[in-house]
Amino acid sequence: MSEIRFAVEKIKNSSFLVCFSGAGISAESGIPTFRDEDGLWKKYDPKIFDIVFFKQNPHKCWQYIYEIFYEKYTDFEPNFAHKALAKLEQLGYLKVIITQNIDNLHHKAGSKNVLEFHGTIRELICPRCRSVFNTFEIIKKKKMPPICTNCNNILKPNFVFFGEPIPSDIYSSSFEYTQKSDVMIVVGTSGEVYPAALLPQIVKNNGGTIIEINPKNAAFANEAKDIFIKATAVEAFQEIMKFF
Ligand code: NAD
């Protein structure tokens with residue numbers, strides 16, 4: 001596949017390689033995406049991740065949030081693609097991963113410089129007093145919904161719900177890194193969630209190269225991508241890593 005060779009060449013010659021990942025990179029770890037045929041939106045109503053709905057119906061939301069993300073919290077393992085990205089960082093090629101995922105799998109794979117644009121399932125936060133808790137410690141008690149031990153308020157996962165802003169520090173770091181990037185690997189994202197989906201376009205506008213990995217044509221990157229590897233994340237990285 002000539003795209004693989006082009007991609008490898010770009011990666012090797014890059015001065016500031018960034019990876020922008022989405023739910024698709026974790027599909028082969030067993031975590032459903034949002035928008036595919038077996039995606040979460042086919043089974044659940046997206047409003048359970050809407051901040052206004054959550055505030056009004058926290059018990060109902062937690063029932064589903066627990067089922068989707070926390071019941072199997074420790075079962076999910078990074079796949080070859082997550083590990084390949086950790087290796088590319090270790091080798092000095094990859095400077096940062098900006099992920100839309102909240103599943104902690106880039107960290108679990110050993111990547112060090114990871115910006116979690118939409119937050120993480122590792123933590124729970126109290127919307128009232130802003131105390132932050134380790135998810136695992138709270139969830140193993142299996143008391144739903146989880147309660148803040150400081151002020152008795154119902155805790156919220158420390159990830160961004162619809163209607164909430166992106167944390168300002170993560171937002172500005174993501175845009176700063178992207179401005180520096182001359183090559184961006186875009187993997188497993190539909191590019192339908194903004195403002196995250198703006199990032200590849202910035203690289204493109206600055207004259208950089210977009211390498212997209214997706215088994216399907218994702219709408220947003222049609223104009224932006226330079227190299228399209230039409231494959232799953234694991235398939236693509238298995239080929240790419242033969243050259244490293
Ligand atoms: P999305 O569901 O909108 O799109 C998933 C994309 O991944 C699609 O383009 C699909 O073709 C592609 N894909 C499917 N299987 C793949 C594979 N094996 N390898 C590579 N690509 C594959 O997801 P999104 O673009 O990340 O945006 C939706 C939001 O969903 C994000 O904000 C994210 O926070 C959230 N989300 C996260 C998780 C997670 O943390 N694992 C899971 C579901 C949703």
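A polar contact is a pair of N or O atoms within 3.5 Å; within protein, one atom must be able to donate a hydrogen and the other to accept it. That term is needed at the second stop of this tour, which goes through a predicted model.

**The whole chain**

Along its principal axes, the C-alpha trace spans about 55 × 30 × 30 Å. Switch to a surface: the chain exposes about 11700 Å², and carbon and sulfur atoms supply 49% of this area. Of the 244 residues, 53% are buried. Among contacts with a separation of 6 or more, 64% are between residues 24 or more positions apart.

**Serine 29**

Select S29 next, in the loop between β1 (17-21) and α2 (40-43). Is S29 buried or exposed? Its relative accessible area is 15%, and buried means under 20%, so S29 counts as buried.

Now show what surrounds this residue. Leaving aside neighbours within four places in sequence, S29 is in contact with F76, E77, P78, N79, H82 and L105. One of these, H82, lies 53 residues from S29 along the chain, and the C-alpha atoms of the two are separated by 9.6 Å.

Which polar contacts does the side chain of S29 make? It reaches the backbone oxygen of E77 at 2.7 Å, and it makes another with the side chain of N79, at 3.2 Å.

Move on to residues 209-213, which form strand β8. Five of its five residues are buried, so the strand is largely enclosed by the rest of the structure. Show the side chains: T209, I211 and I213 point one way, while I210 and E212 point the other way.

Finally, select strand β9, residues 227-229. Three bridges join β9 to β8, and the two strands run parallel.

Note on methods:
Residues numbered from 1 in each chain as written. Predicted model: local features only at pLDDT ≥ 70, side-chain atom pairs only at ≥ 80, totals over all residues. Heavy atoms only, no water. Buried < 20%, exposed > 50% of the residue type's maximum accessible area, 1.4 Å probe, protein only. Helix = DSSP H or I, 4+ residues; strand = E, 2+ residues; numbered from the N terminus. Pairing = 2+ DSSP bridges. Contact = heavy atoms within 4.5 Å. Areas by Shrake-Rupley, 256 points an atom, 1.4 Å probe, with all protein chains shown as cover.
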